[in-house]
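The sequence and coordinates are shown first.

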Amino acid sequence: MERLAGRIMLLWGFPRVVVAFLAGAIGALALPPFGFFAALFISFTLLVWLMDGSTGNPDGGRFARFRSAFWIGWVFGFGYFVAGLWWLGNALLVEADEFAWALPLAVLGLPAYLALFYGLATAIARIFWSDGFGRMASLAFGFGLAEWLRGFVATGFPWNAVGYGAMPMPLMMQSAAVLGIFGVTVLAVFVFSAPALIGTRKGMRTGLTLAILLFAAHLGYGAYRLQIADAAPAPAADNQPVVRIVQPVIDQARKLDDAERAAIFEEHLALSALPPENGGRRPDIIVWPETSVPFILTQNPDALTRIAEVLQDGQVLITGAVRSEDADAGFAPRFYNSIYVIDSQGQIVSASDKLHLVPFGEYVPYEDLLRNLGIPDAIAMPGGFSAAPVRAMLTLPGGRTFYPLICYEAIFPDEIGPDVERVSALLNVTNDGWFGATPGPYQHFQQARIRAVENGLPLIRGANTGISAVVDPFGRLIRGLDYNQKGVMDATLSSISIPHWDVIAREQHFWLVLVTMLLIAAISRAGFNFRTN
């Protein structure tokens, strides 16, 4: 290990870039659908050794050292995001004749942008870099801060934060209930970096001991919390609603074909009307995915009549749909990506609009600027939606309330505010059919599961092509439909009530962990400087 560490540190030029890129790409194996979390031990060990060798031009001063560290982090991040997000390009191939030109932007441009955050992480870590286990703490601090920033800078895109790699199964998801995804990321980077100490020896015993204790606590807390969940008395099933999720598997090209709209609508209705399996209870709540209704529902009263004909008395349909709203005179109407709750009389009893829109998917950022710069292709990209000013909870007949998350809103932990304390479940409707049979739908599903664990609530997830599921408050799958599996699934929505940390507490815990890593890194750096001088 010492010989290997030395060789990695002394790499220069193109071989150094290749190793940094491969180190990041290897880390993506920890993400779904692979879930090989041990890959991150290799990934971050190599990154630490590369950082040890990031001296920069001796004549360039301190700035050269930071610049060298930044570029190592950027290349590492570029490898991680290219390997983890290449599937985004599939969405542009649905209408390839119009949007294939943007393929390099999705496959390489977005990873290049996201890698800037990892470059920032290593540059910050370089400020406190030392020769012992303190450099693990400095890297954890840098990555924790960078991932937090990635959650909201330029509308945010915290997809595939490092912490997700440490949570491939429910046993390893429970730490998110205390620390949230960003807090888990901080400690995960420290643990995944620890094997680098074997190659450099300095501070090895203390650093490895801390890492082992943290990893043991991660597993131990998971086992403890799942044991409590199994021992907790579950509410009587008869008092809990049965949820049916419809997974129609409608090809995206077909969804865009105007001639197919009526047939698509009828397919959803036919699946909704199927009898329960094995003589089970009829569903109380039926869930359709995002934008399932292929027209403006409020402009088609016959469609509401058809829904009323299919629903039995007391049943409720929750569906994704596009909502239109008239604007002032002289202005075009506004459109919203919405969720409707429709009762058995065909009446819309509740609705919620999407708050966090997808840039270049649901709206074009800086549209006026791009138009002035003469970039018509960017203006012509999919969009046209308006964002809701506030998030409205979905209230069902009888008083049950769901927290709505449309599409990728489920990847933002900060999108779930204090209102979550008064709801019965999280509801995520999405259409991942844009991405085909790639890692994308599996990654999206895992991140939605972590939101359930963080908030101590069950998750109802309806996806056009999958993965649709009902998940308990501990991230465990109650029932689900795999990707591209057409059909319906019925599950009893049962929420086990146990104490959990609220949104504010998890945020406080994250900052406590982050500051602790900063203190360890700063103290180690001060000791390193003292020994050097």
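In this predicted model, six strands form an open sheet with mixed pairing, arranged in the order β6-β7-β8-β9-β10-β11. Its edges are formed by β6 (394–395) and β11 (477–481), each of which pairs on one side only. Within the sheet, β9 (residues 459–463) and β10 (residues 468–471) are joined by three bridges in the antiparallel sense. Isoleucine 460 has valine 470, in β10, as its bridge partner.

A helix accompanies this sheet: α17, spanning residues 439–455, packs on it and touches β8 (425–430), β9, β10 and β11. The direction of α17 makes about 160° with that of β9.

Attention now turns to a single residue in a loop. Phenylalanine 34 lies in the loop between α2 (14–27) and α3 (39–52). Is this side chain's residue, phenylalanine 34, buried or exposed? Phenylalanine 34 counts as exposed because its relative accessibility is 55%, and the cut-off for that class is over 50%. When residues up to four places away in sequence are not counted, phenylalanine 34 touches Ala28 and Leu29. Its C-alpha atom is separated by 14 Å from that of alanine 437, which is 403 residues apart from it along the chain.

The confidence of the prediction remains to be considered. The protein has a mean pLDDT of 90, and 93% of its residues reach 70 or more. Over residues 377–382, however, pLDDT stays under 50, and the model has 21 contacts beyond four places in sequence for this stretch.

Note on methods: Residues numbered from 1 in each chain as written. Predicted model: local features only at pLDDT ≥ 70, side-chain atom pairs only at ≥ 80, totals over all residues. Heavy atoms only, no water. Helix = DSSP H or I, 4+ residues; strand = E, 2+ residues; numbered from the N terminus. Buried < 20%, exposed > 50% of the residue type's maximum accessible area, 1.4 Å probe, protein only. Contact = heavy atoms within 4.5 Å. pLDDT = per-residue confidence, 0-100. Pairing = 2+ DSSP bridges. Axes fitted to C-alpha atoms, helices over the stretch in contact; angles between N-to-C directions.
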